[in-house]
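Please look at the sequence and the structure that follow, and keep both in view while reading the report below them.

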Amino acid sequence: MAFELICPAGTPAALRAAVDAGADAVYCGFRDETNARNFPGLNFSREELGEAVAYAHARGRKVFVAINTYPTAGNLGPWHRAVDDAARLKADAVILADLGLLDYAATRHPELRLHLSVQASAANAEAVKLFRDSFGVQRVVLPRVLTVADIKGLTAETGVEVEVFVFGGLCPMAEGRCSLSSYATGLSPNKQGVCSPASHVRYEPRGDELISRLGDFTINVFGADEPAGYPTLCKGRFAADGRTSYLFEEPTSLNALQLLPELKAAGVHALKIEGRQRGKAYIASVVQTYRKALDAFERNGKVPNVDLDAVVEGARETAGAYQRSWR
Amino acid sequence: MENRSLLTLGPVLFNWPVDQWRDFYARMADEAPLDVVYLGEVVCSKRAPFFEDAIPDVIERLTSAGKTVVLSSPILVTTDRERKAVRDLVEAGELGIEANDLGAVAQLAGRPHAVGPFVNVYNEATLGWLAARGATTVSLGAELPADSVGLLTKEATRLGMQTEVQVFGRVPLAISARCYHARVHGLHKDGCQFVCGQDHDGLGVETLDDQPFLAVNGLQTMSHTYLCLAAEISQLQRLGVSRFRLSPHTVDMVRVARGFRAVLDGALDGADLAAELTGLVTDAPLANGFFHDQPGAAYIGAHERMSA
């Protein structure tokens, strides 16, 4: 069976661009703290989601709704309403992380297809089977901590559809288990759906240099000849043991295109592109390129040479944790 | 139901030489007023073989001293070998077990167990779901603010469970498949030469402006600051929290434990203990921001708390 191509959309325009460029399914979120890309100017109203589902369904594609932050104690309402509305608006699946919310969705909406978010960080077969057996989860998006060999074992053992990230930003940490952002800013992916939020970012010139700061901390210092990147905490330059480096991860993009044969052999069902915060031109370009590459791969089993350099962050790529040497 | 506040000791998170590790627990057994001791290598499975042979003696020593020993499962479990280690832990069955990943949660269903701070419990629905499967205590993540701690504790009490809050030590902030200790030394996780063993409280990470920021501990990234909720103990007790967790460091943990025991018993003022710990922890400042819904790195003093 051909890989399913799962593409991001932060706006209705990006969703249409992804569908038009060949996405099999598009994932998006509501405009609030219930999803892990809760950025200003992004995401969908209820009405926009209804229109998006109609647009996708008319073209034989699917829409998944990410409700993948962890509901706040004493305030479950927004998360419950998000699940209820996704079901009412005929979303093809909801992507959840929280045990309590999965329980709610499975009980209230037994017909609703459940996917396990990467934010749940289910990293082994026992964890995946927990979600399968307890809530009827049909697909798991794997955290970016597994090698291709690990994935193969997990796929065979659980029988759950496996979706993996193949392109875009790369968390070097196990997703959903990281409080770095809230340590520096008080706001976290798990609670507020934001990582290294723009509200806490400052750029300060210092002589020829440009300092990028997050909260009270310097995340990077750029020379006059360096392009200044966004200060995502784990992509910063730090000093340890007297050495300065991109300690956690370089400003690289994940690109696992070369691993298509291995991912196919590992039983992976769907390939996911990161980037709900990206504009529609970026989405169109990446989705189109991946669509062509996947079609060519399905025809002859070979990975075609494709050019994604123009859109790759820092013009550098990595296959991330899928290869042991990354560790 | 018992009202006495319990003082607990989380697992040693660092790669200490095994003799130092054994001596540490001997001293905890003999001198520290601890009720519960969590034991086990939770950060990196490559370290586990160093401690395997010493564990039975340490359990014996702690148990003889009247401490309840709970075995902690690893935070990140991906390989077949790591999965087998969790299975073995669950099947051994003599002692209580603290689940620190969802795979362990899955395998402990139907029997009483502890849920550790590395399992995401942010709301009462998740807490209730875990309780129905046998969880008797939940150690809350350090990221949770006071409001959430209060609501979760209220629900836990209603369900006959207990909540635990970390009150001392560097806060685990992230876990990765990648070893940052190895990376700092130009190595990979395979062939790491166990360089994490050089830093008994973690390896300091500074910003390019020389500001201390984080600490690296193998696969784990921690706060530079030491979490200290000494001044918040009476508030935590009022919220109904009954277990107070210390995380081991090379500072005099007997003194730390005695200080917290005294505050829990009302024999010492929390603010006085916080002042004492400021002098005792010489390699980093204290922090309590998460609890006060501020950046985790912040320290909110009594004055700010009053006006908040």
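Two strands are said to pair if DSSP finds at least two bridges between them; helices (H or I, at least four residues) and strands (E, at least two) are DSSP runs, numbered from the N terminus. This is a predicted model, in which local features need pLDDT of at least 70 and side-chain atom pairs count only at pLDDT 80 or more, while totals for chains, interfaces and linings use all residues. Residues are numbered from 1 along each chain as its sequence is written, and chains are lettered from A, with ligands numbered from 1, in the order in which they are written.

In chain A, three antiparallel strands form an open sheet in the order β8-β9-β10. Because β8 (201-206) and β10 (217-222) of chain A each have a single partner strand, they stand at the edges, and one side of each lacks a neighbour in the sheet.

| Strand | Partner strand | Bridges |
|---|---|---|
| β8(A) | β9(A), residues 209-214 | six bridges |
| β11(A), residues 238-240 | β8(B), residues 203-206 | two bridges |

Within β9(A), Leu214(A) is the bridge partner of Val201(A), and in β8(B), Val205(B) is the bridge partner of Ala240(A).

Between the chains, 54 residues of chain B are in contact with 56 residues of chain A, where contact requires that the C-beta atoms, placed from the backbone, lie within 7 Å. Helix α5 (residues 102-107) of chain B supplies the largest share of the side of chain B that touches chain A, namely five residues.

Terms used:
Two residues are in contact if their C-beta atoms, placed from the backbone, lie within 7 Å.
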